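Subject: Structure handover

Hi,

Here is the structure I promised to pass on. Please open it next to this note. My findings follow below.

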Amino acid sequence: MAFWQASGRLISWATATMGSGRACGPTVRWGLTLGGTTLLLLLLPAAAVLNSPGDVCSQNTNRTCEECLKNVSCLWCNTDKTCLDYPVTKILPPPSLCKLSSARWGVCWVNFEALIITMSVIGGLILLAVTMCCCYCCCCRKKRSRKPDKSEEKAMREQEERRIRQEERRAEMKSRHDEIRKKYGLFKEENPYARFENN
């Protein structure tokens with residue numbers, strides 16, 4: 001139960017940190033979120049190995065880290081080999097209790113300091129990769145929309161050629177009709193002043 005309380009607090013702390021503006025920049029925000037998520041995933045196997053509620057963390061002091069961390073509510077401090085109750089009221093153990101570089105919780109080979117730094121870097125790299133992919137995709141779409149492809153160019157060229165041929169045919173037909181009208185005397189020249197002369 002303590003594991004789920006602590007993990008819930010870890011997630012709420014990451015959410016509050018992102019919303020409060022204490023963390024600067026999207027890289028740190030994503031790193032904290034990814035760090036918290038990874039910490040939860042690392043600690044899930046440890047949650048399955050819960051001992052009876054009667055175990056007290058201080059009984060495992062001066063033993064091994066593995067024995068201490070069998071109980072998920074315990075925190076192992078490497079500097080003085082003590083097994084302490086995890087401070088569930090705080091997300092990370094305070095420096096007065098144990099330094100982050102020496103604190104172990106869930107698994108013995110991961111300390112909080114390294115986990116936060118690693119997850120921040122990995123989160124930043126993932127965010128950078130996603131941003132670069134989005135920019136690349138947007139640039140490719142703009143190029144495609146600006147530049148018509150070969151089939152569209154060919155269709156436009158053919159349409160323009162058809163329009164020109166049609167205009168040429170119209171002009172040719174008009175000239176033939178005019179010649180026929182002249183030949184048979186049906187051609188009347190439009191004189192704008194003819195109206196005035198007849199009056």
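Which residue in β2 does C77 stand opposite? The answer is T82. I come back to that strand pair below.

A caution first. This is a predicted model. The mean pLDDT of the protein chain is 75. A score of at least 70 is reached by 62% of the residues. Helix α5, residues 150–184, has the highest confidence, at a mean of 90. Helix α1, residues 2–20, has the lowest, at 51.

Two stretches need care. Over residues 17–26 the pLDDT stays under 50. The model has 11 contacts beyond four places in sequence for that stretch. Residues 48–54 also stay under 50. Five contacts beyond four places in sequence are modelled there. Where pLDDT is low, predicted coordinates should not be read in detail.

Overall layout

The protein chain has six helices and four strands. Along the sequence the pattern reads α-α-α-β-β-β-β-α-α-α. Of the 199 residues, 25% are buried. Take the contacts between residues at least 6 apart in sequence: 47% of them join residues at least 24 apart.

The sheet

The four strands form an open sheet. Their order is β2-β1-β3-β4, and the pairing is antiparallel. The edge strands are β2 (82–85) and β4 (107–111). Each has a single partner strand, so one side of each is left without a neighbour in the sheet. From one strand to the next the twist averages 40°.

Now back to β1 and β2. They pair in the antiparallel sense over four bridges. C77 faces T82 across this pairing. L75 stands opposite L84 in β2. The two strands form a hairpin with four residues between them.

On to β1 and β3. Two bridges join β1 (residues 74–77) to β3 (residues 103–105). These strands run antiparallel. C77 has a bridge partner here too: A103 in β3.

What covers the faces of β1? Buried residues do, on both sides. C74 and W76 lie on one side, L75 and C77 on the other. In a regular strand the side chains alternate between the two faces of the sheet.

The cores

The largest nonpolar core has eight residues. They are V72, L75, C77, Y86, C98, A103, W105 and F112. The elements giving two or more residues to this core are β1 and β3. A second, separate core has seven residues, including C68, L69, C74 and W76.

L75 and C77, buried on one side, belong to the largest core.

The aromatic pair

How many aromatic pairs are there? The count comes to one. The partners are Y86 and W105, and they are stacked. Their rings lie 4.5 Å apart, centre to centre, with 25° between the planes. Y86 lies in the loop between β2 and β3, and W105 in strand β3, so the pair ties together parts that are 19 residues apart in sequence. Both Y86 and W105 are buried. Both are also listed in the largest nonpolar core.

Positive phi

Two residues deserve a look here.

- N62 has a phi near 65°, a positive value in a residue other than glycine. N62 lies in the loop between α2 (25–47) and α3 (65–68). N62 is exposed, with a relative accessible area of 64%.
- K81 is not a glycine either, yet its phi is positive, at about 55°. K81 lies in the loop between β1 and β2, in the turn of the hairpin described above. K81 is partly exposed, with a relative accessible area of 40%.

Where to begin? C77 stands opposite T82 in β2. Its bridge partner in β3 is A103.

Best wishes

Note on methods. Residues are numbered from 1 along each chain as its sequence is written. This is a predicted model: local features need pLDDT of at least 70, side-chain atom pairs count only at pLDDT 80 or more; totals for chains, interfaces and linings use all residues. Side-chain values use heavy atoms; hydrogens and water are left out. pLDDT is the predictor's confidence in each residue, from 0 to 100. Contact means heavy atoms within 4.5 Å. Two strands pair if DSSP finds at least two bridges between them. Axes are lines fitted to C-alpha atoms, for helices over the stretch in contact, and angles run from 0 to 180 degrees between N-to-C directions. A nonpolar core is a set of buried Ala, Val, Leu, Ile, Met, Phe, Trp, Tyr and Cys residues joined through side-chain atoms within 4.5 Å. Buried means under 20% relative accessible area, exposed over 50%, partly exposed in between (1.4 Å probe, protein chains only). Rings of Phe, Tyr and Trp (its six-membered ring) pair if their centres lie within 6.5 Å; planes under 30 degrees apart count as stacked, over 60 as edge-to-face and the rest as tilted.
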